[in-house]
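Dear colleague,

Please find the structure below. My notes on what was found in it follow.

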Amino acid sequence: MLVYEGIKSGFIDDVNLNRIVDKIYDRYKQFFGRTSESQLNSWKNSMQYMRGVLDDNEIPDNAGVAIEFNIPTTSKRIDFILSGRDNNRKDSVIIIELKQWETCTAVEGKDGIVSTFTGGGVREVAHPSYQALSYANLIKDFNETVQLDDIGLYPCAFLHNYDLRDTDPICSSQYQEYIKEAPMFGSNDFEKLRRFIKRYIVEGDDRELLYKIENGRIRPSKRLQDSLSKMLQGNKEFNMIDEQKVIYEDAIRMAIDTVSSNDKNVLVVQGGPGTGKSVLAINLLVELTKRNMTCFYVTKNAAPRAVFRDKLKGTFKMAYINNLFQGSGQFTEAEKNEVNVLVVDEAHRLNAKSGMFQNLGENQIKEIINASNFSIFFIDEDQKVTLKDIGSVDEIKKYANELGAGIRIVELESQFRCNGSDGYLAWLDNVLDIRKTANYDLDDFQYDFKVIDSPNELRRLIEEKNRENNKSRLVAGYCWNGISEGKNNSNIHDIVIPEYNFEMSWNLGNSQTWAIDPSSVNEIGCIHTCQGLEFDYVGVIIGNDIRYENGQIVTDYGKRASTDQSLKGINKIANEYGQDEANRIADRIIKNTYRTLMTRGMKGCYVYCVDKNLQNYLKKVRDFSL
């Protein structure tokens, strides 16, 4: 997605006539909503400098120019792109990361990280060359056209307000491997930047390469469960960008310092669906283990652990795998600091008590912090889906303070699921009445969201998608009882929608790997079999526990199945604290459940609603922005 595209001569005219910012902003609003005054000033400032750089007769007038290119499958945008051909008529695309910085400090002991004034304060951020290079690598990873057509990508960074000198900290030896791949240019380097551009673009392409990149075939997104084995063997399967890279380096440094001093610290990483929490967690597990620390990956959800173990089977010994991936209830009897690092994924799902009968230990958060020198909690409080889920930032703070641990809280924002669409997630929060967000039109995003008229058609579509690679699944809310005699028999159908002669079975109880089992498309999964995992496409059956009445979204926990354990105890809450409190708690859990289900698909989400009013409402807001 390109916010602005044209050719060099047109770009220079737009800047000269003082219309470039208006043109960028008009399109930006269509795609992303409104932006800040500082962003507008940034465009105005940077485009004047880029106009000066390009005002060179040897840079062809018909070279392609793009501004704010949204990298496919992510929420990241490239500031400036030039396209054309070199002396050998090879297709060339120059990626330019623009910075308003004036000063910068090197950060010792953290790879590719610098400190500078940005966003209203001094912050640690990715080095400009690392950032430009990581963006280029993302395009190579996801755009098949770039690889098949052998399009050369040449990243660089232009710090047009920065008096850049060879002795500057930003140019120190620790960053040279990135600067070599993505050169930096400062306020006095106009001629150097021009020479860099002219090395790769001597002939214009009239935007042809911009069209190829914007409309090129997108490679299937990598799924964590498919890349796990290579990651544990030390391969870099995912490019860490921006705040991911900063948090990763920060966590490594904190782990080293904490363990070496036998201290106790906690890092809390907040992030919504698809922000790369699990990818970051596994990368940290790999790196810290490589540094000879005792480090385990911890999650309450059995399904991801089972899938990970299955994917690693045959590559590593089962004893090693089982030791590496542990449940959250394993630390009830642990001694203080008996483990160096615990990496806790899906921390919002942690419980107070442990064990099959919830009768062991005191509190899983407290026990994890106690058992480790350094604990890292990855959390999204909007993915709490049962009454037992107690994981929250406040709870982690409470027990960190009680156990004398230092604590730091950071946030992931980059989006890598739902085709990188922050807009879809914001739209979904608005539609489900979780929170009011900006006005988004789904047609502006390359995410395949459809409202399907019947459960049979939904099943057919998901089966069709699944035939491609066994990476599409049907899921549903807890509105149908599980039939005990059909627990391990998919021919006994729990989920029945009579008016459509639709019948299917809940996922079977004799397999914890429903997410990857070849026959699982014949069963309907629940929140517990898919949370923490990803699919290409997900088909969601929305039950009667969420409806559209009198112009608003309403939830009704009375429509949940009697066999549903996620709201077990809600009637007790109603008796003790009143019906309004019970409704409030259940409302959040029901909405969180559907939000989680509807964000499992990397490429698309198809939904069918039992409530016809909700079905019609979703169709309406699908076709028209809120």
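**Strand β17 and its partners**

Strand β17 runs parallel to strand β20 (residues 523-525), and two bridges join them. Strands here are DSSP runs of E of at least two residues, helices are runs of H or I of at least four residues, and both are numbered from the N terminus. Two strands count as paired if DSSP finds at least two bridges between them. In β20, Gly-525 stands opposite Val-475. Strand β17 is also joined to strand β21 (residues 535-542), by five bridges and again in parallel. There, Arg-473 has Val-538 of β21 opposite.

Strand β17 covers residues 472-476, and five of its five residues are buried. Buried means under 20% relative accessible area, exposed means over 50%, and partly exposed lies in between (1.4 Å probe, protein chains only). In a regular strand, side chains alternate between the two faces of the sheet. In β17, Ser-472, Leu-474 and Ala-476 point one way, Arg-473 and Val-475 point the other way, and all are buried.

**Basis of the model**

The model is predicted: local features need pLDDT of at least 70 and side-chain atom pairs count only at pLDDT 80 or more, while totals for chains, interfaces and linings use all residues. Residues are numbered from 1 along each chain as its sequence is written, and side-chain values use heavy atoms, with hydrogens and water left out.

**The chain as a whole**

The protein chain has 21 helices and 24 strands. Its C-alpha atoms fill a box of roughly 80 × 60 × 50 Å along the principal axes. Of its 626 residues, 59% count as buried. Contact means heavy atoms within 4.5 Å. Among contacts between residues at least 6 apart in sequence, 74% join residues at least 24 apart.

**An open sheet of six strands**

Another part of the chain forms an open sheet of six strands in the order β12-β11-β13-β14-β10-β15, with parallel pairing. Strands β12 (325-326) and β15 (406-411) stand at the edges with a single partner strand each, so one side of each has no neighbour in the sheet. Within this sheet, strand β11 (residues 295-298) and strand β13 (residues 339-344) run parallel and are joined by four bridges. Phe-296 has Leu-342 as its bridge partner in β13.

**Helices α7 and α3**

Which residues of helix α7 (residues 190-200) are buried? They are Leu-193, Arg-194, Phe-196, Ile-197, Lys-198 and Tyr-200. These buried residues pack against α3 (37-54), β3 (77-85), β4 (91-99), β8 (152-159) and β9 (184-185).

Leu-54 belongs to helix α3 and is buried, with a relative accessible area of 0%. Leaving aside neighbours within four places in sequence, Leu-54 is in contact with residues including Lys-8, Phe-11, Phe-80, Leu-82 and Ile-197. Leu-54 and Phe-190 are 136 residues apart in sequence, yet their C-alpha atoms are 9.3 Å apart in space.

**Two residues with positive phi**

Most residues other than glycine have a negative phi. Asp-206 is not a glycine, but has a positive phi of about 50°. Asp-206 is found in the loop between α7 and α8 (208-215). Asn-501, also not a glycine, has a positive phi of about 50°. Asn-501 is in the loop between β18 (495-497) and β19 (502-506). Asn-501 is exposed, with a relative accessible area of 69%.

Regards
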